[in-house]
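Me: I'm new to this one. Can you walk me through a few spots?
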Amino acid sequence: MADEDPNQQEHDGTPSQMPPLKAEARGYTLFRVLDREFMIKLSKRRWAVVLVFSCYSMCNAFQWIHHTAINNIFMNFYGVSSFAIFWLSMCYMLTYIPLLLPVAWLLEKFGLRTIALAGSALNCLGAWVKVGSLQPHLFPVTVLGQVICSMAQVFILGMPSRIASVWFGDDEVSTACSTAVLGNQLGIALGFLVPAVSAPNIDDPDELAYHISIMFYITAGVATLLFILVLIVFKEKPKHPPSRTQCLSYAFVSPDASFLSSIIPVFEKQNFVLLFISYGLNAGAFYALCTLLNRMVIFHYTGEGMIVGRIGLTITVAGMLGTVISGIWLDRTKTYKETTLVLYIMTLVGMAGYTGTLNLGYLWIVYITAGIVGFSITSYLTLGFELAVELTYPESKVVSSGLLNVSAQVFGIIFTISQGQIMDNYGTMPGNIFLCVFLTLGAVLTAFIKADLRRQRLLEIFRETEVIGG
């Protein structure tokens, strides 16, 4: 006799006809909400899905920073200004803002798999377009390729919290979200290190084009492989809901709810508004730091291009470690507000230390302060998504994460341009002090956020009763 589908219609909430004991014997957990019965079971595919996503997010993040990591070399190769190279990074921030709503609509209309395919396909296409820009007069072609990659980013940034909630259990969500974000951070790390190793600071344009071509071709090849893996591995959703939270989402969230209709209720929550601003300040500082790192370091350590890669690698590797630790910590403690505030204060302290030591000539101190900044600032970026979900539950995770990313891009553009101008006119220390001032403001705003953990509160009620209604 064929096995019955415990949810009949792939976890749409239709009550199962399978006897409870038989369902539990097969590894399902019964969960009733109102008049609907769900069969909860974790899918073995979930880690493959999040790892594939993490990998193509890594490839896209690598392409975000690989020009500005060796800003001076690409300036000489293409014969353009430093500001022009910076826009290859800032176009990622600029593109996100107008494309958020269309991509959010596509996600609601067509689901996770379609968005994953679109993001990985655009990332692959942009990488191959840049392969065609390996001549000094072809800077417009590399701009086109970078803009295509920036469009791919819109399909990527809002995915981690959505993948975590759709595919993972209640005690795995923060870890899964951290794993998804980890790829982005690894991509930034490689984006600092690989260009510094691959492209030497030489004057011969033909030899330099050869070195750059190796990096571009490998990137395009990896992007192509990852697109194929997305086609094979990525599915829309597991056959059964993985958690009580997801069951509640299916039971209470209206299928007619849209991104636009959810924006007003989200902004009516004062705690989210405070997070929206403080998150943007933190993420904007991170984007400005990464984009301008080459100029900061070379200003004080002339001719030491490899140092830029090492400091960037220190920031992002420390951030990856912090992301993993904080994700595990949150899954065990659920101390969202407290952890977020501690990380924000650590970011401010680390940034102040980095600002005060960059020009002293003691690189080991710079590495330590940069590591503190990386550990805290990138951990915060991941935790911010999870805190937003808690503060806005049961509104769509796409809405909360999308709005946080908009704030991040807006502040990223403002901070990068402003700090760049300050550095041009007054030096690197005033530019970094500029970031410290706004990080201080963000820490104060974070302190005023109340720990209104709406999702956890509802889950606690269900753990005590296991039944809603009669």
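Me: Is Asn 71 buried or exposed?
Reply: Asn 71 is buried, with a relative accessible area of 2%. Keep in mind that this is a predicted model.

Me: Why does 2% count as buried?
Reply: Buried means under 20% relative accessible area, and Asn 71 has 2%.

Me: Where does Asn 71 sit?
Reply: Asn 71 is in helix 3, which covers residues 71–78.

Me: What does Asn 71 touch, leaving out residues up to four places away in sequence?
Reply: Its contacts are Ser 82, Ile 85, Phe 86 and Asn 294.

Me: New topic, rings. How many aromatic pairs are there in the whole structure?
Reply: A search finds 21 aromatic pairs. One of them is Trp 128 with Tyr 217. That pair is edge-to-face, 6.3 Å centre to centre, with 75 degrees between the planes.

Me: Which parts of the chain does that pair link?
Reply: Distant ones. Trp 128 is in helix 5 (residues 112–131) and Tyr 217 is in helix 9 (residues 205–233), 89 residues apart.

Me: How exposed is Trp 128? And Tyr 217?
Reply: Trp 128 is partly exposed, at 40% relative accessible area. Tyr 217 is partly exposed too, at 47%.

Me: What about Phe 411 and Phe 415?
Reply: Their ring centres are 5.7 Å apart and their planes are at 50 degrees, so the pair is tilted. The two are 4 residues apart in helix 16 (residues 397–426), about one helical turn. Phe 415 is buried, with a relative accessible area of 2%.

Me: Which rings are linked into a cluster?
Reply: Ring pairs link Phe 74, Phe 77, Tyr 78, Phe 139 and Phe 216.

How values were computed
Residues numbered from 1 in each chain as written. Predicted model: local features only at pLDDT ≥ 70, side-chain atom pairs only at ≥ 80, totals over all residues. Heavy atoms only, no water. Phe/Tyr/Trp six-rings, centres within 6.5 Å; stacked < 30°, edge-to-face > 60°. Buried < 20%, exposed > 50% of the residue type's maximum accessible area, 1.4 Å probe, protein only. Contact = heavy atoms within 4.5 Å.
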